[in-house]
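Me: I would like to learn how to read a protein model, one feature at a time. Where do we start?

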Amino acid sequence: MPKKEPSICEEKYYNELFHSYYEPVTNYIYYKCGSLQQAEDIVQSVFVKLWKLCNTILFNKAKSYIYTACNNSFLNEVAHKKVILKHQKSIVNTTDNESPDFLIEVDEFRQKLTDAINKLSVKEREVFLLSRIDKKTYKEIAEITGLTVKAIERRMSKALLELREMLGKEIKL
């Protein structure tokens, strides 16, 4: 007689999954976002969702579900933040004394810069944004990504060279 697969709806199996995967998945998301609080929030919400969907997910597929759902939740948060930032940038302060032509040039350059950053490889973009936007040191970035400081320096150098090449004379990095 074939052995019956454990059900996630049984508390002992759910707890087994939680204790086995909570910390490694939290670390995985933390390495992506750099915020332990955000990583914990994402992982906790996925485990709540797992409990609610316990009848629809097979025990032997739970690990894959947990990692995929956490990654997707993180990506959704990033996309949402991009929408918020885009909206904030689109609001032009009417008290500026800058000429409309200057404001248009600034917006055009900002768009060119955003496009150039998006063309960087994922590894270089991650290091560049952590350094320039999140103001992380190379040491902090190395801790987040699990790489050496030298590797971070190489990625940053390559990112800056590629941005300079794409944007030409328009910037001075």
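Reply: We start with a definition: a residue is buried if its relative accessible area is under 20%, exposed if that area is over 50%, and partly exposed in between. Keep in mind that this is a predicted model.

Me: Take Glu153, then: what is its relative accessible area, and how is it classed?

Reply: Glu153 has a relative accessible area of 31%, so it is partly exposed. Its salt-bridge partner is Lys150, with the closest N and O atoms 3.5 Å apart. Lys150 counts as exposed because its relative accessibility is 53%.

Me: Why are Lys150 and Glu153 separated by about one helical turn?

Reply: The general idea comes first. An α-helix has 3.6 residues a turn, so residues three or four places apart point the same way. In this structure, Lys150 and Glu153 both belong to helix α7 and are three residues apart, so about one helical turn separates them.

Me: How many salt bridges are there by this rule?

Reply: The count is three. Another one joins the side chains of Arg110 and Asp107, at 3.5 Å from N to O. These two are three residues apart in helix α4, residues 100–119, so they too are separated by about one helical turn. Arg110 is partly exposed, with a relative accessible area of 34%, and Asp107 is partly exposed at 38%.

Me: Which side chain meets Lys158 in a salt bridge?

Reply: That of Glu124, at 3.4 Å from N to O. This pair links distant parts of the chain, since Glu124 is in helix α5 and Lys158 in helix α7, 34 residues apart. Glu124 counts as buried, at 5% relative accessibility, whereas Lys158 counts as partly exposed, at 45%.

Me: Now the inside. How should I read a nonpolar core?

Reply: In soluble globular proteins, nonpolar side chains tend to be buried together. Here the largest nonpolar core has 23 residues, and Ile8, Ile29, Phe47, Leu50 and Cys70 touch the most other members. Helices α1 (11–33), α2 (36–52) and α3 (62–90) each supply at least two residues of this core. The helix that gives the most is α1, with eight residues. There is also a second, separate core of 15 residues, which includes Leu120, Ile144, Met156 and Leu163.

Me: Which residues does Phe47 contact, leaving aside its neighbours within four places in sequence?

Reply: Phe47 is in contact with Tyr14, Leu17, Phe18, Tyr21, Tyr22 and Ile66. Phe47 also belongs to an aromatic cluster, together with Tyr14, Phe18, Tyr22 and Trp51.

Me: How is a pair of aromatic rings described?

Reply: By the distance of the centres and the angle of the planes. The count here comes to eight aromatic pairs. One of them is Tyr13 with Phe59, an edge-to-face pair with 5.7 Å centre to centre and 70 degrees between the planes. Tyr13 lies in helix α1 and Phe59 in the loop between α2 and α3, so the pair ties together parts that are 46 residues apart in sequence. Phe59 is buried, with a relative accessible area of 18%.

Me: Last, the sides of a helix. Which residues of α6 are buried?

Reply: In α6, residues 138–145, the buried ones are Ile141, Ala142, Ile144 and Thr145. They cover an arc of only 165 degrees around the axis, so they are on the same side of α6. The face turned away from that buried side carries the exposed residues Lys139 and Glu143. What covers the buried residues of α6 includes α1, α5 (122–132) and α7 (149–167). Just after α6 comes Gly146, with a positive phi of about 80 degrees.

Methods
Residues are numbered from 1 along each chain as its sequence is written. Side-chain values use heavy atoms; hydrogens and water are left out. A nonpolar core is a set of buried Ala, Val, Leu, Ile, Met, Phe, Trp, Tyr and Cys residues joined through side-chain atoms within 4.5 Å. Buried means under 20% relative accessible area, exposed over 50%, partly exposed in between (1.4 Å probe, protein chains only). Helices (H or I, at least four residues) and strands (E, at least two) are DSSP runs, numbered from the N terminus. Contact means heavy atoms within 4.5 Å. The arc is that of the directions from the helix axis to the C-beta atoms. Rings of Phe, Tyr and Trp (its six-membered ring) pair if their centres lie within 6.5 Å; planes under 30 degrees apart count as stacked, over 60 as edge-to-face and the rest as tilted. A salt bridge is a side-chain nitrogen of Lys or Arg within 4 Å of a carboxyl oxygen of Asp or Glu.
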